[in-house]
Each structure stands twice: as C-alpha cells, then as structure tokens.
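Try each task before you read its solution.

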Amino acid sequence: MHSAVTESSTPSLKATRREWIGLAVIALPCMVYSMDLTVLNLAIPSLTAELRPSASQLLWIIDIYGFMVAGFLMIMGGLGDRVGRRRVLLLGAAAFGAVSIVAAFSKTAQTLILARAALGIAGATLAPSTLSLITNMFRHPSERTFAVSMWISAFSVGAIVGPLIGGALIQSFGWGSVFLAGVPAMVLLIVLGPILLPEYRDPNAGSLDVASALLSLTAVLSFIYGLKRAAEAGFAADSVAPMAAGVALAILFLRRQKRLEDPLIDLALFRSRSLNMALGINMLGVFFMFGSFILLSQYYQLVAGLGPFDAGLWSTPSAIIFTIGSFVTPELARRIKHVNLLSGGLVVAGVGFVGLALANGFYGVLLSSLLLVGFTPVIALTTEMIVTSAPPERAGAASALSETAIELGGALGIGVLGSLGTLIYRAKMAGVVAGLPAEVARAAGTTLGGAADAVRVLPPEQAERTLSAARDAFCAGFQASAVLGALGLFAAAVATKMMLKQIPAAAGAGDKPSSAPA
C-alpha cells in the first residue's frame, strides 16, 4: 500500500514545464472525442434524410461508438500498461483519424454503422491512455487534482466548440464533414506526442488475456442488441434471448477474472467502497446526461425548427456552464464534503429534468437544460475518486474502469432513453399514419426525422397535420424520458447521501480497501 503524498514533503514530485505542455497535448483527443459526440447529434436530421436509416439503425449509428468504446476500454487500458500508454495513445490517434475519413464518405447506413464501430475501437485507446498518463505525470496531489479537472474541462470545451463548428460545417458541406473536423487534431497529436509525452508502462505486467476482453465485448453487445430489438418489435424470443446471453457472458467473464493470475480487471480494486460507489454514481449520472443531450439536440432542430448552426448555438450556454463548473469544482471540493457535493449535484440535475418534463415551449426547455450543470461535480469528483483509488502501476486499469463506466453509462442512456422515446412515438403515431401511403406511413411512424422528410410528398394541409402529430408524439416521449431521469437522479442522491456519508472529503490516493470480498 502506497502512502498518501503531502505537499510539504514532496517537492520533487512537482511537475515541470514539459508535463504542463504535455497536458495541453493530452487535451486534444479529449476535445475531439467530445466534439464527435455533440456534432453527431446535430447531424442526425441531415444524415437521416440522406441515408434513410430505420429507427434501429439510427440508434446504432448514435450509440455503437459508445458501446464499442466500453467493450474495448479494458483491453486497451491493459495493453497500455503492458506496451506503453503513449504508444497506445498515438496508435489510437492514427486509427481514429483514418477511420474518421471513412465515416465522412459513407454512402449507406450500414457503412456508417461499421465506421462508427471502428471509431469506437480506436477511441477506446484514447481515454484510458490520457487519464492514466495524467496520473503518472502529476504525482503531487494538488497538481493531479487540477490536471484531472482540466482533463474534464477539455471535454466541456469540445462540447462548446463542437456544435458551433459542426453546425457551420453541416450547413456548408453536409453531415459527413463533421467527421473530418477532428483529423487535424489527431495529426497534431501524432507529431507532438513523441516529443512532449513521456512513456509509462508496468514492468511487472503479465500477458494480456484476450479471451476476457472478447467475453466483455460480446456480453455488452449481446445485451444491448436485445434491448434494441425489444424497443423496435417488443419483447419476444429474438430480444429476450440476446439479453439473457449477455448476462450469462458477463457472469462467465467475472468468474474468469477470479481464476486468472493476471486478470483483465483486478477484482481487488473493488474492495474500495469509495471506488464502488464512485463507479456506480458516475455511470448513473452519465446515463441520464447523455440520454438527455441526444433528445435535446433533436428537440431544437425537429420541434423548435432550428437549423444545425442555430441548434449548436443554443446548446453552448449549458456547455459553457459545464466548463465553468469544471474549474469551480476543485475549490468546492475543498470546502464541501464530497458526499454533500455529489448528492447536491444530483439533486440540481434532477430539478433540471423536472423542468424539462414540465416545460412548455423552447425557452422553458432551454432554461431547464441549464440546471443539468449539476452533473459537473458528479463527473469530476467520481473520476478523481476512481483514479486515485489505485496505485500508479494500476493507473491504466483504474482509468479504463472510469471510462468504461462513462462510456457504458452514456451509451446505455442513449439506448434506453432513446428506445423509450421511440416506443412512445410509435404508439402515438400508429393511428395517425393509418391511411397514408405505405412508404410515408413507414417513415413517419418510426422517427420524427423520418416524418419531417416523408410528409413532403403529401398535400400541404395533410402534411402539416401529420408533422404536428409527429412533433407531439416526440414531445410525449421526451417528457417521459425526463420524468424517468428526475426520479432516477433523486433516488441516486438519496442513495449517495446514505452510502457515502462515512467517506471523508479528502479520500483519494492511498484509500485503504475494506476487508469485504470483491
């Protein structure tokens, strides 16, 4: 067990100029990752009109990236510990840039889904490598806290500039151009990374267990496939069976980890109660945050009638508040107990969801979305708790755990809340599309984006009536998702207050694992 580091006793652990410049380089892939998520949300209407994906394909286009990242994070984190975190980061950046070009010129929904899946595999190398490099580059506690906050801020900055850049690109060059926006940043990382970033690896690491990685990946994808089939066609054998298979594979994965001498996931890490709770809170918070963002983006464009650039512009206030919150969180954490700051953030975000459920009109939705800033201290504090709960040589595994919770929570949030919205939309539109031409009925009855495009062939009065009903159906699903989010976040705040009240605000590196079994 490594001892806690104090500021007065560790002057030699202070970072040099090279580490601080390296932090700026590390921020590049974080910004590109965040931009990739936000600009894709803005591109949904235009790519829907051009590629004409089904409701299931549209959900796969949106969240296959997150699922593949979540499935490959552990193997990439373990690979970084073994062959070098900088090497894995640079290889991932090269692959990410190359596949982004393929995604930009996709001609069918199937091709774009495959490209997004490949982007997810490449993206899985970026997040754990950057976060684990930070934990090794910044050994001084206060510097590490600041560096982690800046790491999180990079995602917020990407969320700010992403909608603006993406909206302008979509309006000028089409939806494919949003994938090309991150290529220059990846090229810059490949050039500067070897100069500014040090290499870190665990000299005592064993061999990588690929079988465990494949079990993890297939478990996640099987379960999510079943969930999507249920959303599209109801619960039947073809949806329940994949979900059951996913659960069984997850159980096999955990049992294999117990037997391995050098497991993909060190189950001993889960003996820390702070890490367990941080992972759970982190995943739940991201679940509702990502799910709400995808619905808000579609609301701005398809219900409020904004263009891609204007929708991006109206998304920036909440992103700016998120960025400010990332800078303020370290100071708040020094003044307020972690448990109170975490539960308070969840409550504020929950109030934001209540506002979204009750809002009537564009400005009500916009003002309510600002309260989602409550997620900022939740994500920042739980990330800090996770990465400081493990010794430096396990930084890759701990970082991968943190990113797995974020990616899986975000992808599940998009899938579950998106599927809930789709189910309600389809139920509301079932009677509306009856009597319409078959092709129009099929498109208008599945997604609001499909309805906006399909009604162009109808007489003006009938088209307006159908589109108005489609918007009402979408808003019904939007409000149901907001109610679910509010209930989930309020329950999480109560659970956080009850279960973390014994953990001090200064919990961090060197947190002693409990004696409870993993």
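**Exercise 1.** Find the handedness with which α11 passes α19.

*Solution.* Start with the crossing: α11 passes α19 in a left-handed way. Left-handed means that the near helix is turned anticlockwise from the far one by less than a right angle; clockwise would be right-handed. Next, sort the contact by class: 17 nonpolar, 5 polar and 2 charged residues. Here Ala, Val, Leu, Ile, Met, Phe, Trp, Tyr, Cys and Pro count as nonpolar, Asp, Glu, Lys and Arg as charged, and the others, Gly among them, as polar.

Keep the ground rules in mind: this is a predicted model, where local features need pLDDT of at least 70, side-chain atom pairs count only at pLDDT 80 or more, and totals for chains, interfaces and linings use all residues. Residues are numbered from 1 along each chain as its sequence is written, and side-chain values use heavy atoms, with hydrogens and water left out.

**Exercise 2.** At what angle do helix α11 and helix α19 pack?

*Solution.* Locate α11 at residues 273-303 and α19 at residues 460-499. The angle is about 160 degrees, and the axes lie 10 Å apart. Therefore α11 is roughly antiparallel to α19, a label for angles over 145 degrees. Axes are lines fitted to C-alpha atoms, for helices over the stretch in contact, and angles run from 0 to 180 degrees between N-to-C directions.

**Exercise 3.** Describe the packing of α11 with α15.

*Solution.* Helix α15 spans residues 375-387. Its angle to α11 is about 145 degrees, with the axes 9 Å apart. This crossing is left-handed. Contact (heavy atoms within 4.5 Å) involves residues including Leu275, Ile281 and Phe288 of α11 and Phe375, Val378 and Ile386 of α15. By class, the contact has 12 nonpolar, 5 polar and no charged residues.

**Exercise 4.** How many helices and strands does the chain have?

*Solution.* The count is 19 helices and 0 strands. Helices (H or I, at least four residues) and strands (E, at least two) are DSSP runs, numbered from the N terminus. Of the 518 residues, 59% are buried.

Key: Buried means under 20% relative accessible area, exposed over 50%, partly exposed in between (1.4 Å probe, protein chains only). Angles under 35 degrees count as roughly parallel, over 145 as roughly antiparallel, 65 to 115 as roughly perpendicular and the rest as oblique.
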